[in-house]
Amino acid sequence: MVASAKSCCALSGYFYYEPGYWRSRIQYNSFLLMYIAKGTCQVLLPNQQLQNAAAGQVVLIDCYVPHEYGFDSNSEVAWIHFDGPLARDFYDLIFASHGNIISPSNPFPITNGLDQMLHVFRNSKPLKEGEASEMITQMLNTLLYTRAYSGNTTSHFKVVEKSRAYINEHFSEPLTLDQLAKNANMSPFHFSRVFTAQTGFTPHQYLIATRINSAKFLLKLPDVPVKEIAFGSGFNSESSFCSTFRKWENMTPSEYRERMIRSSEDSE
């Protein structure tokens, strides 16, 4: 059963945090969802020990109660404050199943939703309540129904999450299957099977998807050259980037950029 959040987005953003940043609040009238794109987030909540969230994980906080969080390394975080009639129910269900630190089996609905909201806010566009509710609902349902692992698969799950976090932090660098497998202390064949079984992507597909998502975000910035985006997203040439992007998105990077610009102009 898929629930409806009926939530209204209050604020969304993408922040770069320096080591030593620490936020402490007595109360803030909303719920906070943070996707850790890079680095590690430390979270301190009532009656709980200090928790750490790594890259690729989601932090969900009830800001109506005292809460603290911070970063001990350079970190990047996409976040959204939200609230609504069923927000409390969603929070309670997710917390009961997964706690405050969640490792989504498929983070794309979350990263994509945050990206769409950030695009709206950056362009000073009004966000309709129905649209906000739909996007937030999709993100919360992703967290609520993310796969839980037990028994022998728990160790595999942790290995895959560590590998995904590593890819998310190093996607702009040359990465090979042998390198990722070595980092996971597995043979390339075994690592590939485990990674694919738990994510639905081969390691190579996940790496390419991460690079493409980075490029799509940068393509929304009109002043960044395509060549710079190609190398910044981990491709070894502009031509390789363009051909891969076309294969994945059925359009060239320039066509994608033009579509985003037209979409922005049409909604103004």
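Modeller: This is a predicted model. Its largest nonpolar core has 26 residues, and those with the most contacts inside it are Leu-33, Phe-82, Ile-94, Ile-110 and Leu-114. At least two residues of this core come from each of β3 (31–38), β6 (58–62), β8 (75–83), α1 (87–98), α2 (108–122) and α3 (129–144).

Colleague: Which element supplies the largest share of this core?

Modeller: Helix α3 does, with seven residues. Another core, of 16 residues, lies apart from it; Cys-41, Leu-45, Ile-61 and Phe-71 are among its members.

Colleague: What does Leu-114 touch, not counting residues up to four places away in sequence?

Modeller: Leu-114 touches Ser-12, Leu-33, Tyr-35, Ala-78, Trp-79, Ile-80 and Met-139. The criterion for such a contact is heavy atoms within 4.5 Å.

Colleague: Why is strand β7 described as largely enclosed by the rest of the structure?

Modeller: Buried means under 20% relative accessible area. Four of the five residues of β7 (residues 67–71) are buried, and therefore the strand is called largely enclosed. As for its partners, four bridges join β2 to β7 in an antiparallel arrangement, with Trp-22 opposite Gly-70. Four bridges also join β4 (residues 40–44) to β7, again antiparallel, and there Leu-44 stands opposite Glu-68.

Colleague: Why does Gly-20 count as exposed?

Modeller: The cut-off for exposed is over 50%. Gly-20 has 63% relative accessibility, so it counts as exposed. The residue lies in the loop between β1 (8–17) and β2 (22–25). Leaving aside residues up to four places away in sequence, Gly-20 touches Phe-71 and Asp-72. Its C-alpha atom is separated by 7.4 Å from that of Ser-73, 53 residues apart along the chain.

Colleague: What makes α7 roughly perpendicular to α9?

Modeller: Helix α7 (residues 203–219) and helix α9 (residues 238–249) pack at an angle of about 100 degrees, with their axes 11 Å apart. Angles of 65 to 115 degrees count as roughly perpendicular, and so α7 is described in that way relative to α9.

Note on methods. Residues numbered from 1 in each chain as written. Predicted model: local features only at pLDDT ≥ 70, side-chain atom pairs only at ≥ 80, totals over all residues. Heavy atoms only, no water. Axes fitted to C-alpha atoms, helices over the stretch in contact; angles between N-to-C directions. Parallel < 35°, antiparallel > 145°, perpendicular 65-115°, else oblique. Buried < 20%, exposed > 50% of the residue type's maximum accessible area, 1.4 Å probe, protein only. Pairing = 2+ DSSP bridges. Core = buried A, V, L, I, M, F, W, Y, C linked by side-chain atoms within 4.5 Å.
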